[in-house]
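Dear colleague,

Please find the structure below, together with its sequence.

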Amino acid sequence: MGEVYAFPSADILGIFVLIFLICMMYSGDFAKDKKMQMYIITVCMTLVVTILEVISIFLDWYPSKDMITIAYVVNALAFAILFLIPVTFGLMYNEKLKKKKWLIMAPAIAGDIMVITSIWNGLLFYIDSNGEYHRGELFFLISLICFWGMGVILFVHIDVSKEYDKSEKTFLWLLFVLLFTTCIIQVIDIRFETMWGGVAVTEVLYYVFLRETGLKYDAVTGTRNRNCFEMEIESIHPGDSHFLIVFDVNNLKKTNDTFGHAAGDALIKDAANMIIESYRECGMVYRIGGDEFVVIAPSCSYEKAEKARKNLLKDIQEYRGDYSDDFYIANAYCKFDKSKHKNFRECLSEADMKMYEDKVNSKK
């Protein structure tokens, strides 16, 4: 959508890349996950905007009085969808954003209204009598909404990346830098058609990231899975000082048998979220069985472990009051001591024994 005749090679390449990406996402089980369905919607919206961007550029190449209405529709629709892309991406992941979705959507909705009214008042953009596109006096508002969208993506990025390891966080930051750089270049100078090619590449790389991390993470709870736990245990150096904190969710089988597996999944997800929030400062959470979790805590202390346990017990009490009187997450921890543990599996066995004592005591 520019006033100069730049050939949209990056946009055209982006269209093919996005079509290829959508085909890949629908070819496997990726589309079955509700969260990933939101990502597919985001990618489809990006594809539509990129196509409209190319159409707009070609309309600028061959301006015509007969194409003024089409030019208005193409540009207005592109801007309107553009404002919604960060919203769909944000709501895909973040529970905090979902609770405030109308607040998050407000700038996008306001932007859409301004874009539509700009067809008549020309404040954001206008098409002259020859059919050529021009930025309006208040075009900077579109830039502000774009920066707001970047802020939403950044907020989600920071919040979600807490659950990833260092290499995964680095990869996500590089993706964000790529996205921000390609977008800001085009916002500043429209002669450089970098935005949608950069967005397309970012979305493909993010899909690869999701597939790769999907092999490490549990589909229900979002925690790392048993395979990831086994690899981490084997990689820990015997001289390292670690805490192993184990958990077992009471009455999961009873919930499954009484209310169905959907209720059981909801229960185990709630339990996982409690553990994640309580032990965030201690280490990473792994789901190693149906109702069993482990936290590997490399930078922990007895004080931190006890503080986290108190937070967990507080969350359990609040959950009991809202949902279930007999809900409990049995828990215990053990610090690896090379003088009495031959390896980390012995440390894990000791923590398991303590946890089952807590489980028994919780039922008295």
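**Nonpolar cores**

The largest nonpolar core comprises 61 residues, and those with the most contacts inside it are Met25, Tyr39, Phe79, Phe83, Phe125 and Tyr206. A nonpolar core here is a set of buried Ala, Val, Leu, Ile, Met, Phe, Trp, Tyr and Cys residues joined through side-chain atoms within 4.5 Å; buried means under 20% relative accessible area, exposed over 50%, and partly exposed in between (1.4 Å probe, protein chains only). At least two residues of this core are supplied by each of α1 (9–27), α2 (34–61), α3 (68–93), α5 (101–121), β1 (125–127), α6 (140–160), α7 (166–188) and α8 (195–214). Helix α3 provides the largest share, 14 residues. Another core, of 47 residues, lies apart from it and includes Val249, Met274, Ala297 and Phe344. In soluble globular proteins, nonpolar side chains tend to be buried together.

This is a predicted model, in which local features need pLDDT of at least 70 and side-chain atom pairs count only at pLDDT 80 or more, while totals for chains, interfaces and linings use all residues. Residues are numbered from 1 along each chain as its sequence is written, and side-chain values use heavy atoms, with hydrogens and water left out. Helices (H or I, at least four residues) and strands (E, at least two) are DSSP runs, numbered from the N terminus.

**Two buried aspartates**

Asp248 is part of strand β3 (residues 243–249) and counts as buried because its relative accessibility is 3%. Its side chain is joined to that of Lys359 by a polar contact of 2.4 Å. A polar contact is a pair of N or O atoms within 3.5 Å; within protein, one must be able to donate a hydrogen and the other to accept it, and residues adjacent in sequence count only if both atoms are side-chain atoms. Beyond its neighbours within four places in sequence, Asp248 is in contact (heavy atoms within 4.5 Å) with Asp291, Glu292, Tyr328, Ile329, Ala330, Met355, Tyr356 and Lys359.

Asp358 belongs to helix α13 (residues 344–362). Asp358 is likewise classed as buried, because its relative accessibility is 14%. The side chains of Asp358 and Tyr328 form a polar contact of 2.9 Å. Leaving out residues up to four places away in sequence, Asp358 touches Arg309, Tyr328, Ile329, Ala330 and Asn331.

**A partly exposed phenylalanine**

Phe180 is located in helix α7. Phe180 counts as partly exposed because its relative accessibility is 34%.
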